[in-house]
Amino acid sequence: MKKFIVTGALHGFLAVAFGAFGAHALKDVLDDYGRGIWETAVQYQMFHATGLLVIGLLMSSKLLGEVKQLNLAGIFFNLGIVFFSGSLYILAISGIKVLGAITPIGGVLFLAGWVLIILSALKHAR
């Protein structure tokens, strides 16, 4: 429970920091295409940071508890942020297009995490 609240808050913090960094420090470095990629990375990082907070709260003993599927969903969200947003951040700065091949791995991890949350709620909700 606590680990997903902490990692969710950390990813939220980093999303805000990377968003500001992209808007200010990279303003003259990124073209429109690169800015769009950077903004997508920030958005998905923040969406899934919030998802991690929700997972942490759902794992409370007063809600769903320490459900294995929720634990796996949290792991998938953390890895998804690294693969999806991380590859996009690097792609935006470097322009190395082959990194775009890594991004879908993160997307699949995000999707699997959301499915696991659904399954957890259907199976364990009181």
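Buried means under 20% relative accessible area, exposed means over 50%, and partly exposed lies in between (1.4 Å probe, protein chains only). This is a predicted model, in which local features need pLDDT of at least 70, side-chain atom pairs count only at pLDDT 80 or more, and totals for chains, interfaces and linings use all residues. Residues are numbered from 1 along each chain as its sequence is written, and side-chain values use heavy atoms, with hydrogens and water left out.

**Core and helices**

Start with the largest nonpolar core, which has 28 residues. Such a core is a set of buried Ala, Val, Leu, Ile, Met, Phe, Trp, Tyr and Cys residues joined through side-chain atoms within 4.5 Å. Trp38, Ile55, Leu70, Phe77, Leu88 and Ile117 touch the most other members. Two or more residues each come from α1 (2-24), α2 (32-58), α3 (68-94) and α4 (103-124). Helix α3 gives the largest share, 10 residues. Helices (H or I, at least four residues) and strands (E, at least two) are DSSP runs, numbered from the N terminus.

Leu88 touches Ile37, Thr40, Ala41 and Thr103, leaving out residues up to four places away in sequence. Contact here means heavy atoms within 4.5 Å.

Helix α4 has 22 residues. From first C-alpha to last it reaches 32 Å, close to the 32 Å expected at 1.5 Å a residue. That expected span is 1.5 Å times one less than the number of residues. Among the buried residues of α4 are Gly106, Leu109, Phe110 and Ile117. Their cover includes α2 and α3.

**Aromatic pairs**

The structure holds 10 aromatic pairs. Rings of Phe, Tyr and Trp (its six-membered ring) pair if their centres lie within 6.5 Å; planes under 30 degrees apart count as stacked, over 60 as edge-to-face and the rest as tilted. Two of the pairs are set out here.

| Pair | Type | Centre to centre | Angle between planes |
|---|---|---|---|
| Phe18 and Tyr89 | edge-to-face | 4.8 Å | 70 degrees |
| Tyr44 and Phe110 | stacked | 6.4 Å | 20 degrees |

Phe18 lies in helix α1 and Tyr89 in helix α3, so their pair ties together parts 71 residues apart in sequence. Phe18 is partly exposed, at 29% relative accessible area. Tyr89 is buried, at 8%.

Tyr44 sits in helix α2 and Phe110 in helix α4, so this pair ties together parts 66 residues apart in sequence. Tyr44 is partly exposed at 32% relative accessibility. Phe110 is buried at 4%. Ring pairs also link Tyr44, Phe47, Phe77, Phe84, Phe110 and Trp114 into a cluster.

**Salt bridge**

A search of the whole structure finds one salt bridge. The term means a side-chain nitrogen of Lys or Arg within 4 Å of a carboxyl oxygen of Asp or Glu. Asp32 and Arg35 form it, at 2.5 Å from N to O. They are three residues apart in helix α2, so about one helical turn separates them. Asp32 is exposed at 61% relative accessibility. Arg35 is partly exposed at 27%.

**Annotated spans and a loop residue**

The unreviewed UniProt entry annotates residues 41-60, 72-92 and 98-122 as "transmembrane region". Such annotations may be inferred rather than shown by experiment; feature names are shortened and positions follow the numbering used here. In the model, residues 41-60 are 90% helix and 0% strand, with end C-alpha atoms 29 Å apart. Residues 98-122 are 80% helix and 0% strand, with end C-alpha atoms 39 Å apart.

Ser60 lies in the loop between α2 and α3. Ser60 is buried, at 17% relative accessibility. Beyond neighbours within four places in sequence, Ser60 contacts Met1 and Gly65.
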